[in-house]
Amino acid sequence: MSLLFAFLLILSCNCSLLLAKNKSCSLLVGELGDGQSKFVYCATTKSVPVRLCIGCGPEYRILTSSYDALLSQENCSKIYLNSDRINVVATTQGILTNLWQKANCEDCFNGNHSDLYDVKWNILNGCLSVHKDDPCISCKNDYIALNQFYLEMEKANKGHVCFDLQDSMNRTRSNWSKTLGCCHRDVKLNTFLIAVCVVVLLPIVTFYITVIVLTKRREANHGLLNEETPELDAPSTSALITAAVLSTPTENPVVVADRTEKIAKLLSGARAGSDSDLDSSDDEISVKPKTA
């Protein structure tokens with residue numbers, strides 16, 4: 001159906017080009033302006049939900065053929081194209097063409113994507129309208145089929161899907177998950193408790209492992225130091241003094257007493273000699289006669 005529609009549009013464009021040769025420039029510009037205004041009106045009224053590509057396809061083909069007809073006339077193209085800085089005719093046409101291309105509208109007419117999508121979408125919406133009490137269970141398979149078709153189409157086109165289908169799929173997903181509440185993500189209590197335990201115990205386990213690693217490293221470094229510097233194991237100063245005292249030979253007490261007595265006699269004799277010297281010096285001073 002879409003191929004036949006495209007063929008008819010191409011045929012009509014060719015016919016309009018042939019008829020345009022006998023039209024004046026003002027008439028061609030009027031037809032272009034009328035086609036542009038109709039396309040703008042169609043795109044605006046079909047913006048929510050978006051049906052720009054499928055809903056405004058005929059209007060876009062008409063304005064495209066009108067613009068080509070204007071270009072085909074050399075005199076008309078000189079008058080209305082590139083004649084001023086703003087270039088209103090070409091700028092307006094470029095904006096509308098960019099809108100069509102940005103929405104990937106040609107994808108709606110290639111590969112019968114829009115027709116197959118509409119079939120699956122109608123099946124799902126028909127199911128939702130019938131099973132209003134339990135749509136999540138009764139219409140689950142229809143929703144999965146539509147979503148899977150869209151994902152395969154998106155992958156085949158590398159993300160360049162007709163925006164009409166993008167908007168329709170986004171609204172369908174939002175209705176399925178938010179409005180109908182069919183996408184339940186129940187959080188189990190066991191999973192929550194396990195996550196909490198992991199968060200609480202992780203710092204403790206980390207600290208314990210760090211302490212073990214540091215302790216092992218210190219022990220390894222201590223053993224290495226003992227092997228390289230054995231002098232660290234030498235006896236202390238107090239131990240050396242004690243050993244020296246214990247190793248000193250002891251003398252006989254009689255010998256020690258005899259030696260002590262001799263030293264005392266020597267000291268007493270020396271003290272007596274010093275006292276006699278002092279007395280003799282005093283006598284000499286006392287007997288010395290006085291001089292006249």
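## Exercises on a predicted model

The axes of helix 2 (residues 25–45) and helix 4 (residues 57–72) come within 8 Å and cross at roughly 155 degrees. The model is predicted.

**Exercise 1.** Classify the crossing of helix 2 and helix 4 by direction, and state its handedness.

*Solution.* Step 1: the crossing angle is roughly 155 degrees. Step 2: angles over 145 degrees count as roughly antiparallel, so helix 2 and helix 4 are roughly antiparallel to each other. Step 3: the crossing is left-handed.

**Exercise 2.** Which residues make the contact between helix 2 and helix 4, and how do they divide by class?

*Solution.* Step 1: helix 2 contributes Leu28, Val29, Glu31, Leu32, Gly35, Gln36, Lys38, Phe39 and Cys42. Step 2: helix 4 contributes Glu59, Tyr60, Leu63, Ser66, Tyr67, Ala69 and Leu70. Step 3: by class, the contact has 10 nonpolar, 3 polar and 3 charged residues.

**Exercise 3.** Describe the salt bridge of lysine 38 and place its two residues.

*Solution.* Step 1: the side chain of lysine 38 meets that of aspartate 34 at 3.3 Å, N to O. Step 2: a salt bridge requires this pair of atoms to lie within 4 Å. Step 3: both residues belong to helix 2 and are 4 residues apart, about one turn of the helix. The structure holds 4 salt bridges.

**Exercise 4.** Where does pLDDT stay under 50?

*Solution.* Step 1: the chain averages a pLDDT of 78, and 68% of the residues score at least 70. Step 2: pLDDT stays under 50 over residues 1–9, with 5 contacts beyond four places in sequence. Step 4: where pLDDT is low, the predicted coordinates should not be read in detail.

Notes. Residues numbered from 1 in each chain as written. Predicted model: local features only at pLDDT ≥ 70, side-chain atom pairs only at ≥ 80, totals over all residues. Heavy atoms only, no water. Axes fitted to C-alpha atoms, helices over the stretch in contact; angles between N-to-C directions. Parallel < 35°, antiparallel > 145°, perpendicular 65-115°, else oblique. Left-handed = near helix turned anticlockwise from the far one by under 90°. Contact = heavy atoms within 4.5 Å. Nonpolar A, V, L, I, M, F, W, Y, C, P; charged D, E, K, R; others polar. pLDDT = per-residue confidence, 0-100.
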